[in-house]
Amino acid sequence: MVTTSESAPMTQARRVPRVLVGYDGSPAAAEAITVGAALLPAATAWVAYLWSPPFSSPELFAHLRRRARNLDELLELVEAEGGAEAHRLVATGIAVARANGWVANSVVRRTYGGEGFEMAALAEELAAQAEELRMAKAN
C-alpha cells in the first residue's frame with residue numbers, strides 16, 4: 001500500500017511528497033518500495049509495519065517457551081520480543097527505502113486486526129503531524 005500526503009495547496013516553495021508504505025518483509029513489499037522510489041524519487045517515506053500480538057517467529061516462540069516459568073511470563077516475553085522483532089523487520093524496509101534513494105523513517109504500530117483501517121488511520125495521523133511541522137516552520 002502506497003499513499004501520498006499533499007493535502008494543502010502548493011506554495012511558492014516546492015513541497016516534498018510524503019509516502020506511507022506498508023512493509024511486511026516480503027519480496028513483494030521490497031519491490032513496492034523500489035517501484036515507489038523510482039516513481040517518486042524526491043519523496044520522504046514512512047515505512048510502516050503493523051503487528052499483532054503474539055507476533056513472533058516459531059523459532060522465537062520456542063526459545064521464549066523454554067525461558068518462561070509460567071504462562072503469564074510467556075505472554076509477557078512474547079509481547080516484548082514480538083515488538084522487538086517487528087522493529088527489526090521494519091529496519092529492513094528502511095534499508096531498502098534508503099538504498100533506493102528515499103529519506104525514510106520507520107513506524108511500528110501494535111494492532112489487533114483491521115490492518116487496512118489502521119493503515120488509513122496512520123496515514124491521517126502522519127499527514128496531520130507533517131502539516132503541524134510545516135506550519136511551525138512557517139511561523
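Colleague: Contact means heavy atoms within 4.5 Å here. What covers the buried residues of α1?

Modeller: The cover includes β2 (18-22), β3 (44-51) and α3 (71-99). Helices (H or I, at least four residues) and strands (E, at least two) are DSSP runs, numbered from the N terminus. Buried means under 20% relative accessible area, exposed over 50%, and partly exposed in between, with a 1.4 Å probe and protein chains only.

Colleague: What kind of model is this, and which pLDDT limits apply?

Modeller: This is a predicted model, where local features need pLDDT of at least 70 and side-chain atom pairs count only at pLDDT 80 or more, while totals for chains, interfaces and linings use all residues. Residues are numbered from 1 along each chain as its sequence is written, and side-chain values use heavy atoms, with hydrogens and water left out.

Colleague: Back to α1. Which of its residues are buried?

Modeller: Ala29, Ile33, Gly36 and Ala37 are the buried ones in α1. Looking down the axis of α1, these buried residues fall within an arc of 100°, so they line one face of the helix. The arc is that of the directions from the helix axis to the C-beta atoms.

Colleague: How many residues does α1 have, and what does it reach from first C-alpha to last?

Modeller: Helix α1 covers residues 27-39, which is 13 residues, and reaches 18 Å, close to the 18 Å expected at 1.5 Å a residue. The expected span is 1.5 Å times one less than the number of residues in the helix.

Colleague: Zooming out, how many helices and strands are in the chain?

Modeller: Four helices and four strands. Along the sequence the pattern reads β-β-α-β-α-α-β-α. The chain has 139 residues, and 35% of them count as buried. Among contacts with a separation of 6 or more, 68% are between residues 24 or more positions apart.

Colleague: Strands next. In which sense do β2 and β3 pair?

Modeller: Parallel, over five bridges; two strands pair if DSSP finds at least two bridges between them. Leu20 has Trp46 in β3 as its bridge partner, and Val19 has Ala45.

Colleague: What unit do β2, α1 and β3 make?

Modeller: A right-handed β-α-β unit. Right-handed means that, with the strands pointing away from the viewer, the path from the first strand over the helix to the second runs clockwise.

Colleague: How many bridges join β3 to β4?

Modeller: Eight, and β3 and β4 run parallel. The bridge partner of Thr44 in β4 is Val103.

Colleague: Why is β3 called largely enclosed?

Modeller: Because seven of the eight residues of β3 are buried. In β2, four of the five residues are buried, so β2 is largely enclosed by the rest of the structure as well.

Colleague: Change of topic. How many salt bridges does the structure hold?

Modeller: Three, a salt bridge being a side-chain nitrogen of Lys or Arg within 4 Å of a carboxyl oxygen of Asp or Glu.

Colleague: What does Arg110 form a salt bridge with?

Modeller: With Glu79, the closest N and O atoms being 2.8 Å apart. The pair links distant parts of the chain: Arg110 is in strand β4 (residues 103-110) and Glu79 is in helix α3, 31 residues apart. Arg110 is partly exposed because its relative accessibility is 40%, and Glu79 is partly exposed at 26%.

Colleague: What else does Arg110 touch, leaving out residues up to four places away in sequence?

Modeller: Besides Glu79, Arg110 touches Trp51 and Pro53.

Colleague: Which side chain meets Arg109 in a salt bridge?

Modeller: Glu125, at 3.1 Å from N to O. That pair also links distant parts of the chain, with Arg109 in strand β4 and Glu125 in helix α4 (residues 115-138), 16 residues apart. Arg109 is partly exposed at 22% relative accessible area, and Glu125 is partly exposed at 33%.

Colleague: What about Arg69: which residue does it form a salt bridge with?

Modeller: Glu73, with the closest N and O atoms 2.9 Å apart. Arg69 counts as exposed because its relative accessibility is 74%.
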